[in-house]
Amino acid sequence: MSPTAVNLDTGSPALTSAKGTALVVGSLSTAGNGRYQSLISELEQTRPVDRLLLDRLVDGATILSPASYSSVHVTLAPSDYQTLTPHLLVLLSQLFTGLTPLGTLHLLDLSSALQTLPSELTLAGFQVLSTLTEEGSVIAQKPAHAPAASLHLKAASVPLLNRKKTDPATKKALWALSSPATPKIDAEALLTAEDKARPVPTCEPVNPAAPRRKKACKGCSCGLAELEEEERKASNVVFLDGSIDGEAKEITQSERDRLIQAANAAPKATSSCGSCFLGDAFRCAGCPYRGLPAFKPGEKVEIDFGMDDI
């Protein structure tokens with residue numbers, strides 16, 4: 001047989017039949033008015049007593065060992081109970097763990113704010129033994145749970161449900177995005193002739209005085225291509241003579257074109273090493289081309305007068 005609960009004398013919180021270790025939970029308020037110390041002194045006459053402040057349990061700084069106390073006595077001020085309301089269920093769960101089976105919980109000096117305390121005790125697993133409204137105290141007990149009995153479940157044969165064959169057309173209609181009753185809308189009918197016309201790319205007329213950020217595009221219609229061509233024809237280039245006593249001079253585009261035609265018609269120039277056109281890394285110490293960029297064999301070295309890196 002499982003042990004049964006013993007009726008307790010609720011006249012005084014210290015007069016209980018259990019003689020195991022008791023735990024007294026107080027606060028700074030009850031320690032200041034002396035209730036905490038007086039309850040400890042009263043209980044120490046009949047059993048060992050451990051003491052603990054409420055904030056240690058609420059903050060999780062102290063965790064009670066399972067089944068360590070035969071009774072827990074909580075004495076708090078009304079302000080402490082109001083602060084404890086959001087954390088009441090967490091506190092009761094810790095006290096439930098620390099109590100031995102059939103251990104009792106004594107909540108003393110309760111305030112009127114804890115009207116749902118009996119239901120909170122039941123949710124935490126306690127059995128409420130008595131409630132003294134005049135004295136503001138509640139006594140609850142941790143039940144002695146009997147060991148669970150093992151049950152043998154027989155495997156029952158359950159017949160399989162006969163699945164009805166579904167018509168493929170019905171299944172296809174179930175997953176269709178549109179129902180047959182919904183009229184179809186022709187997307188082409190919603191477009192006008194202006195919507196179907198291909199847009200013609202246009203840009204604003206070029207302003208010669210404004211700064212330019214891009215070059216003329218293919219098939220330019222704003223006049224930028226013509227302006228760039230005029231600037232190219234009117235601009236000058238720097239001509240570098242590749243001979244030993246050669247010099248750099250500025251020439252027009254027409255003169256440049258004439259020299260290019262003459263260079264293409266003339267026989268290609270050769271050098272003793274044959275590597276002058278590759279760049280300074282392949283040129284001799286006395287090469288007249290040192291310092292000039294690489295070029296194609298037989299080509300005159302030219303530098304655009306409008307280059308940014310000159």
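Helices here are DSSP runs of H or I with at least four residues, strands are DSSP runs of E with at least two, and both are numbered from the N terminus. By that rule, this chain has 10 helices and nine strands.

A word on the model. It is predicted, so local features need pLDDT of at least 70 and side-chain atom pairs count only at pLDDT 80 or more, while totals for chains, interfaces and linings use all residues. Residues are numbered from 1 along each chain as its sequence is written, and side-chain values use heavy atoms, with hydrogens and water left out.

Start with the whole chain. It has 310 residues, and 27% of them are buried. Buried means under 20% relative accessible area, exposed means over 50%, and partly exposed is in between, with a 1.4 Å probe and protein chains only.

Now contacts, meaning heavy atoms within 4.5 Å. Take those between residues at least 6 apart in sequence: 61% join residues at least 24 apart.

Next, the sheet. Six strands form an open sheet, in the order β2-β1-β3-β4-β6-β5, with mixed pairing. β2 (49-53) and β5 (127-132) are at the edges with a single partner strand each, so one side of each has no neighbour in the sheet. From one strand to the next, the twist averages 15°. Two strands pair if DSSP finds at least two bridges between them. β1 (residues 22-26) and β3 (residues 69-75) run parallel, joined by four bridges. Across that pair, Val24 stands opposite His73.

A helix covers part of this sheet. Helix α5 (residues 88-98) lies across β3 and β4 (99-108), at about 140° to β4. Axes are lines fitted to C-alpha atoms, for helices over the stretch in contact, and angles run from 0 to 180 degrees between N-to-C directions.

Which residues touch the most other members of the largest nonpolar core? They are Val72, Val74, Leu95, Leu105, Leu121 and Phe126, out of 27 residues. Such a core is a set of buried Ala, Val, Leu, Ile, Met, Phe, Trp, Tyr and Cys residues joined through side-chain atoms within 4.5 Å. Helix α5 gives the largest share, five residues. A second, separate core has seven residues, including Tyr36, Leu39, Ile40 and Leu43.

Look at Val74. Beyond its neighbours within four places in sequence, its contacts include Val25, Tyr81, Leu95 and Leu105.

Ser71 lies in strand β3. Is Ser71 buried or exposed? Ser71 is buried, with a relative accessible area of 0%. Its side chain makes a polar contact of 3.2 Å with the side chain of His73. That term means a pair of N or O atoms within 3.5 Å; within protein, one must be able to donate a hydrogen and the other to accept it, and residues adjacent in sequence count only if both atoms are side-chain atoms.

On to Val138, in strand β6. Val138 is buried too, with a relative accessible area of 5%. Among the residues it touches, beyond four places away in sequence, are Leu105, Leu121 and Val128.

Last, Lys296. This residue is in the loop between α10 (253-265) and β9 (302-304). Lys296 counts as exposed because its relative accessibility is 61%. Its C-alpha atom is 5.9 Å from that of Phe277, 19 residues apart along the chain.
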